[in-house]
Amino acid sequence: MRNLLVLLLLTALLGACAQQAPRPNGALQPLQGAELRVQDQPEDDNARAELLYLLLVGELAGQMGALDLSVSHYLMAALNSQDPAVSERATRIALFADQREAALRAAMRWVELAPASVEGRQVLGALLVNAGRVPEAVEQLDWVVQNSPQGRAAGHATVANLLSRSQNQAAALEVMGQLAERYPNDASMQLALARLALQMRRPEPALEAAERALALDPALSDAKVLRARAYTQMGDLNRGVQIMREAVAADAGNTDLRLAYGRLLIQAGAYDEARAEFEQLIARRPGDGDLLYTLGLLSLEMERYEDAQSYFTRLLGMGHRSNDANYYLGRIAETERRSDDALRHYRGVGDGDHFRDARVRKALLMGRAGQVDAALDMLREMRRDADEPDWRVRLYVTESQVLRDARQYQAAMETLDQALLEQPDSGELLYARALAAEKLDRLDILEADLRAILARDPDNAAALNALGYTLADRTDRLDEAYGYIRRAHEQHPEDAAILDSLGWVLYRMGRLDEAEIYLRQAYDTLYDPEIASNLAMLLWDRGQRDEARRVLEDALAQDPDHDRLLRVKDRFEQ
């Protein structure tokens, strides 16, 4: 009778599967080319039929997305079957359904039936850790360490990797600590504990474990690196750098040690020293693409663009990290105003981290080269496929910038009006519309949009600066403008745009000595045609006319069509 019920159920379920749409989300994949196993079971026909029934219901329910039904039937099958494969499948289904208690029961049965299964012990150990059952987890994972096919050191690494993914970090670290106590003379176990503790942002136990490893083997370079990282994580970056400096001096030929030292120097902001270390490394390993990439990024950080270009070009020639190399070569070319080269490199950026940014930058460059319609078409096509709100905002802002660069200010405003219907609270969109409004002499819109940003974010330096500069440049509300710009300057005292604004409002207030200090500082920090025009105006009014002409001429050589520079030129020629 039971066999007949099983046959009828199987027929019904298979029929339902055949008629339904594709497998629902959250459904299990079927067993790959394997029959459900019922071997090594009791010879009693009713027991075998019962087991077959449980397996069929569990398997087919899982494939149809009925996970609760699948877990309950597979767990019953596992507890009644002598086949460890059934328990393993039950464990995996319960994990897939995120039913941890059921998974734990199934995993215990799996290890009971297959005590030599390394995988079963690992899964059971991980589940016990998540459940906070530390002593039991220690026993299971100690077995994994002792029975690792690659040796005990590999077993330590396996267990540490397993524990690093645990949802219960406190229990995981406690388990690793108890395992380390069982192997007090094994440096590899102490290293595994130190790595896990650092990964969990627990530098104190990491430092203790690293020092125990060094006591066992004073020449152990990995322990020195971990000790330095522990001090760094504790906030003592100088101590970490000093430890690594001493370690490199004692073992100058150790490239891995020197690599770790170089990375720590970058973290410490010691870019010149870091660059020297990486140059020594690349001399020893000239074909190491990752080292070339790091050197390229370091050179960029230090604004050594010629060196950075050399490293990224070599990287591109090796065919290694080509997308990254093309992206940064494009950024360098853009910085140096080599637009054709920048476009060529951005076109070479394929799928990956930089793909979207490269396309946006390409659109901006195309617009500035006069290919406005093509740039807009590309941005709008990207927006049609964009689902993420932040990404849509960026595309709208970029489209408005292309239009502003083309002096199509009304179209830019209309684009941002449309965007704000979608996302009325976006500070980026409000700020971009304020910029467009200024070009249309709609200071009412500019002020309303910037005040809307400041109502939600009173310390928004960009909005404070933009509002203050516009009031200083276009109105007589100078005291109010000065207050906004001062607030922005307090947050970012070295920002060139804010320094320029501060100098300009002081100029408008007649405080020329102070104004010159800030405008020169802005001009020395960053070339920008607006900064150059403001400094030239101030110098002219102070009687320093030869220098004013030099500043203006240098700026016009780079930006011959800039409106503000041309207005200053007209004033000088009157």
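Q: How many salt bridges does a search of the whole structure find?
A: The search finds 49 salt bridges. The model searched is a predicted one.

Q: Why is the contact between Asp307 and Arg275 called a salt bridge?
A: The term requires a side-chain nitrogen of Lys or Arg within 4 Å of a carboxyl oxygen of Asp or Glu.

Q: What makes Glu399 and Arg380 a salt bridge?
A: The closest N and O atoms of Glu399 and Arg380 are 2.9 Å apart. Because this value is within 4 Å, the pair qualifies. Glu399 is buried, because its relative accessibility is 2%. Arg380, at 32%, counts as partly exposed.

Q: How do you know that Asp563 and Arg407 form a salt bridge, and which parts of the chain does the pair tie together?
A: The N to O distance between the side chains of Asp563 and Arg407 is 3.3 Å, which is again within the limit of 4 Å. Asp563 lies in helix H32 and Arg407 in the loop between H22 and helix H23 (409-422), so the pair ties together parts that are 156 residues apart in sequence. Asp563 has a relative accessibility of 35% and counts as partly exposed. Arg407, at 47%, also counts as partly exposed, because its value lies between 20% and 50%.

Q: What makes Asp513, Glu516, Arg520, Arg542 and Glu547 one network?
A: These residues are joined by salt bridges that share partners.

Q: Why are the buried residues of helix H32 said to line one face of the helix?
A: The buried residues of H32 (residues 563-573) are Arg564, Leu565, Val568 and Phe572. Seen down the axis of H32, these residues fall within an arc of 100°, so they line one face. The face turned away from the buried side carries the exposed residues Arg567 and Glu573.

Q: What makes the patch formed by Asp373, Asp377, Glu381, Asp385 and Asp387 negative?
A: Asp and Glu count as negative, and the surface patch is formed by Asp373, Asp377, Glu381, Asp385 and Asp387. The patch is therefore called negative. One of its residues, Asp377, is found in helix H21 (residues 372-384).

Q: What is noted about the phi angles of Arg321 and Arg337?
A: Phi of Arg321 is near 50°, a positive value in a residue other than glycine. Phi of Arg337 is near 60°, which is likewise positive in a residue other than glycine. Arg321 is found in the loop between helix H17 (305-318) and helix H18 (322-335), while Arg337 is in the loop between H18 and helix H19 (339-347). Arg321, at 32% relative accessibility, counts as partly exposed. Arg337 counts as partly exposed at 46%.

Q: Why is Val144 called buried?
A: Val144 has a relative accessible area of 2%, which is under 20%, and is therefore buried. The residue lies in helix H7 (residues 134-146).

Q: How do you know whether Asp186 is buried or exposed?
A: The relative accessible area of Asp186 is 15%. Because 15% is under 20%, Asp186 is buried. Asp186 lies in the loop between helix H9 (169-182) and helix H10 (187-199). The C-alpha atoms of Asp186 and His156, 30 residues apart along the chain, are separated by 10 Å.

Q: Why is Asp524 called exposed?
A: Asp524 has a relative accessible area of 65%, which is over 50%, and is therefore exposed. Its place is in helix H29 (residues 512-525).

How values were computed. Residues are numbered from 1 along each chain as its sequence is written. This is a predicted model: local features need pLDDT of at least 70, side-chain atom pairs count only at pLDDT 80 or more; totals for chains, interfaces and linings use all residues. Side-chain values use heavy atoms; hydrogens and water are left out. Patches are made of residues with over 30% relative accessible area and no salt bridge: like charges are joined within 9 Å, nonpolar side chains (Val, Leu, Ile, Met, Phe, Trp, Tyr) within 5 Å. Accessible areas come from the Shrake-Rupley method with a 1.4 Å probe; for residues, only the protein chains shown count as cover. The place of a charge is taken as NZ of Lys, CZ of Arg, CG of Asp or CD of Glu. Helices (H or I, at least four residues) and strands (E, at least two) are DSSP runs, numbered from the N terminus. Buried means under 20% relative accessible area, exposed over 50%, partly exposed in between (1.4 Å probe, protein chains only). The arc is that of the directions from the helix axis to the C-beta atoms.
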